Structure formats: structure tokens, C-alpha cells
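Please keep the sequence and the model in view while reading.

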Amino acid sequence: MSKGRIFSGMQPSGKFHLGNYLGALENWVRLQNDYECFFSIVDLHALTSKFEDTGSLPENIHHMALDWLSAGLDPERNIIFIQSQVKEHHELHLLLSMMTPLSWLERVPTYKDKLQQLGAQGKDINTYGFLGYPVLMTADIVLYKADTVPVGEDQIPHLELAREIVRRFNHLYRPVFPEPLAQLSKAPLLPGIDGRKMSKSYGNEIPYAASPDEIRGRVRLIVTDPQRVKKSDPGNPAVCTAYKFHEIFNASQLDAINAGCRQANIGCVDCKKNLAEQMVVHLADIHVRRDKYAANPARVKEILFYGAERARKVAAATMEEVRQAMHL
Ligand code: SF4
């Protein structure tokens, strides 16, 4: 039986944190065993909201490639590439934009939300490119005839739109594209060290590339049960952010920590020391791979170059079909 095909991408918008890793990347590492995967650093998408600031793109792309490779994505099994290096993305985006009604784009819930959110930060992105973001995303997916797209809950409307665009294309011209299906990722949600959503804008993140000592330093700052003032006070793991980290990185000791906390047998300082060491162990392989690739930037470039070549072959064949279907 042939494997299903996945397309997924991430914008190179700065350094990753552990929440990003657990939210998407760890899932990708699992998916590479069961699917033929196209993983793309989608730099054109970064331009849809940051078109005026492109100077940091090369560095961000390099860091993203390092993050992916250190997570364990295999560059031989997967096609890993930079979106803008495969010109067929530009071409298919243009062709799909001709037949996508404006009203379909304007009703995407995240469009108005993000417009408002960025507007409040003094940023005007009332641009053609920003509105057309879901069309570019559709082009990315269908260029490789991907049948499966791993998504978070918030991206489901985008994928629904992609399916509508595919149906319209197939109906107007000829059935060229499969309708991609969403695969909801069940990734655990890692809070920030202050208990809110982990985000660089809150300054509460643990960097994905943090060294063991940086991990220990950040874990020391994780908030615990606010009612537990002294070690002799019984604690409540249900309201403790450190415990949420234990649930993800230290599942085998959960029962003992839960009981020890409630009976005031362990103190928060020791509990977090234990957590930090478990995290260091959990992330050790990532650090080893990261050091290896960071010491060899030429190899990272080569992987991206080779990935773009492989992606281009598939994309060119699809575009041949598209042009024929459209009599171009
Ligand atoms: Fe949280 Fe551990 Fe302190 Fe209990 S002992 S409040 S689980 S850090």
C-alpha cells in the first residue's frame, strides 16, 4: 500500500521555543515514519505580514533548518526545502488567485482577527498578499498533491478553504488535485514559565535550543502552587505550572510527585530540580544533533538545496498538468 503524502510548513519568524517544538515539530518527527513528507520553510508566508523586514530571513531560515534537523527530521526520508526556492509555488499561487472569490478570503475568521490585532500594534497589513495568504497555503499543499495536512484547531478554516479552492479548480478545468484532509494534531499544550500560554512576546518561554544550564535556570523560575508558602504546607499539583511540565517530561514519576506534594513530603525547589534534570535527559538527543549540524552549516545548506531539487521535480510535474488543464 502506498504511503499518504503530507505537506506542512512553518514560517521562519525567529527562534523556536519548547512550546513550538511540542506543538508541531515532535508530531512531524512521528509522521515521518508513516507518510511521505514535504516539510517547507515557508519564507513567502513570512512576507505576507513582514514584507518590510526581510534582512533577518536568511538567519531565521538557517535556525529553523537547525531546529528541524536537531528534532530528528531525516533529510533523506523527507523532502525538506525553502518554499521560495521552488518557483512553482509562485506560479500556482497566481493561477489559483484568479479563480478564488474575494468573499471566500474575507470570511476566514483569522483574517479579520489578525488584521485587528496587528492594527492595534500600529501595523497596517491591508495588503493583497495578506488577504491571499490562504491561497498561497493552498498552492503549497496541492502542488505536491498532498492528501493529509497536520493542523492545529485554528488552521481548520484555512484547510476548509483550500478544499473549496480545489473543488472549484477541479470542476472548472479538470480533476488534477486531491482534496487535502486535515489531521488534527493532539500535541500537549506546554504553558510558559509564568503559567500563561508560552510566547516570546510574554517573555515566558524556554528556548528550544536552550543548553542544559539554561534549562535549569528557566525551570527554577516556573511558578508553583501560589498557596504553598512553606515546605511544610501541603501543595496542590492541579494549580501548579511546574506539575504541568512534569506531566509532559516526567510521566513516570507523576504519581510520586503528586502524593509527595499533597503530603508536603517534597519541596518546590527539589521538585523543580528534578524536573529540570528530566527535561535535560528528554532533550539530550536534540542537543547532540543540534551541535552536530550547527558545526557544519554547509551541510545544512546542502540539505536545503537537495530538498528543493527533489520538491521541484514533483512540483514541475503538477504544473504541467495544471497548465494543460487550463489550456495555458
Ligand atoms: Fe508544584 Fe512540585 Fe511544588 Fe507541588 S512540590 S507545588 S508539584 S513544584
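## A pair of strands

Phe39 stands opposite Ile80 in β3. The two strands concerned, β2 (residues 35-41) and β3, run parallel and are joined by four bridges; strands are said to pair if DSSP finds at least two bridges between them. Helices (H or I, at least four residues) and strands (E, at least two) are DSSP runs, numbered from the N terminus.

In strand β3 (residues 79-82), Ile79 and Phe81 point one way, while Ile80 and Ile82 point the other way, and all are buried. A residue is buried if 20 or more other C-beta atoms lie within 10 Å of its own, exposed if 12 or fewer, and partly exposed in between, with C-beta atoms placed from the backbone. In a regular strand the side chains alternate between the two faces of the sheet.

## Basis of the model

The model is predicted: local features need pLDDT of at least 70 and side-chain atom pairs count only at pLDDT 80 or more, whereas totals for chains, interfaces and linings use all residues. Residues are numbered from 1 along each chain as its sequence is written.

The predictor's confidence in each residue is given by pLDDT, from 0 to 100. The chain has a mean pLDDT of 93, and 99% of its residues reach 70 or more. The scores of the model are ipTM 0.99 and pTM 0.90.

## The chain as a whole

The secondary structure of the chain consists of 15 helices and five strands. Its C-alpha atoms fill a box of roughly 80 × 45 × 40 Å along the principal axes. The radius of gyration of the chain is 22 Å, which agrees with the value near 20 Å that a compact globule of 328 residues would have. This radius is taken over C-alpha atoms, and the globule rule is 2.2 Å times the number of residues to the power 0.38.

Of the 328 residues in the chain, 33% are buried. Two residues are in contact if their C-beta atoms, placed from the backbone, lie within 7 Å. Among contacts between residues at least 6 apart in sequence, 79% join residues at least 24 apart.

## Surroundings of the ligand

The ligand is surrounded by 14 residues, of which the closest are Gly235, Cys240, Cys261, Cys268 and Cys271. A residue counts as near a molecule if its C-beta atom, placed from the backbone, lies within 6 Å of it. Two or more residues of this shell come from each of the helices α11 (241-249), α12 (254-262) and α13 (268-282). Helix α13 gives the most, with three residues.

By residue class, the shell around the ligand holds nine nonpolar, two polar and three charged residues. Here Ala, Val, Leu, Ile, Met, Phe, Trp, Tyr, Cys and Pro count as nonpolar, Asp, Glu, Lys and Arg as charged, and the others, Gly among them, as polar.

## Two buried isoleucines

Ile257 lies in helix α12. It counts as buried because it has 22 C-beta neighbours inside 10 Å. Not counting residues up to four places away in sequence, Ile257 touches Pro237, Tyr243, His246, Ile266 and Cys271. Ile257 and His246 are eleven residues apart in sequence, and their C-alpha atoms are 8.7 Å apart in space.

Ile193 is found in the loop between β5 (181-184) and α10 (212-220). With 20 other C-beta atoms within 10 Å, Ile193 is buried. Leaving aside neighbours within four places in sequence, its contacts are Asn204, Ile206, Arg218, Leu221, Ile222, Val223 and Thr241. Ile193 and Leu328 are 135 residues apart along the chain, and 55 Å separates their C-alpha atoms.

## Residues in loops and at the chain end

Ser84 is found in the loop between β3 and α4 (88-98). It counts as partly exposed because it has 19 C-beta neighbours inside 10 Å. Beyond residues up to four places away in sequence, Ser84 touches Asp43 and Leu44. The C-alpha atoms of Ser84 and Leu44 are 6.2 Å apart, although the two residues are 40 apart in sequence.

Most residues other than glycine have a negative phi. Ala264, in the loop between α12 and α13, has a positive phi of about 60 degrees although it is not a glycine. With 14 C-beta neighbours inside 10 Å, Ala264 counts as partly exposed. His327 lies in the segment after α15 (297-325), and its phi is also positive, near 60 degrees. His327 is exposed, with 6 other C-beta atoms within 10 Å.
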